[in-house]
Amino acid sequence: MREMKLSREGLSIGELAQAAGVGVETVRFYERCGLIERPARPVRGARAYTRAALERIAFVREAQALGFTLKEVQGLLALKSTPGTDCAAVRGRAAAKLGQLDTRMARLSGMRSALHGLLARCPGRGTLGACPIIAALSTPPQRAANRQARGKRRNAMKTGVLTIDGMHCDGCARTVESLLSAEPGVKVASASFASGSAKVVFDLEKIDLASLSKAVERAGYRVRSSR
């Protein structure tokens, strides 16, 4: 974000974009998404943006750089502007994002290993008919095995309930939901501040209650019991 001295009237949209290091269309896009407020047009002259708009764009850009989606950024901004929000709510969302990134990195690592294996098998010469990469990509799916695997996954679905200490508001409950939803194998997660608990529908072949409890506790909450 570039430093720019604000005049008494504030910044034009072009000056705001320049100071924030973004394009004018990006500013307009953020307005449409509700990430920054569009100022009213005066009787004379152009709309004037305040330093608050500049700081808000900087917040959005930094959050995006850490991997947060625009929808998740909206949630962070809502927490930031809600009086009495506990720091644990923000920490929980950051922990949920870290879990998502770890899962994505593990998936990318698996893809990388698979490609390494294919490259190691390919001599790099000869006809396409003898190419192991093309052969691997062209292998037809085993439909019967896939149906059986889908049936096993359905049978492996389980509903669990976690009793959680440390949720101080509805924002904390939404944070716990985000944490649990980010875990691999979780289909549905709902949390209630009033009851101090979370209900999770998950795939036993991919995750268990102990791992779900650890995901919640990484964000600073305490799981008193799980069943």
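Strands, like helices, are taken here as DSSP runs numbered from the N terminus, with at least two residues (E) for a strand and at least four (H or I) for a helix. Two strands count as paired if DSSP finds at least two bridges between them. The model is predicted, so to speak of local features a pLDDT of at least 70 is needed, side-chain atom pairs count only at pLDDT 80 or more, and totals for chains, interfaces and linings use all residues. Residues are numbered from 1 along each chain as its sequence is written, and side-chain values use heavy atoms, with hydrogens and water left out.

Strand β3 (residues 197-203) pairs with β2 (residues 186-192) in the antiparallel sense, over six bridges. Along this pairing, V186 sits opposite F202 and V188 opposite V201. Four residues lie between the two strands of this hairpin, and G196 in the turn has a positive phi of about 65 degrees.

Strand β3 also has β1 (residues 157-165) as an antiparallel partner, joined by seven bridges; here G160 is bridged to V200. Five of the seven β3 residues are buried (under 20% relative accessible area, with over 50% being exposed and partly exposed in between, for a 1.4 Å probe and protein chains only), so β3 is largely enclosed by the rest of the structure.

Now for the aromatic rings. Rings of Phe, Tyr and Trp (its six-membered ring) pair if their centres lie within 6.5 Å; planes under 30 degrees apart are stacked, over 60 edge-to-face, and the rest tilted. That rule gives one aromatic pair: F29 and Y30, tilted, at 6.3 Å centre to centre and 45 degrees between the planes. F29 is partly exposed at 34% relative accessibility, whereas Y30 is buried at 2%.
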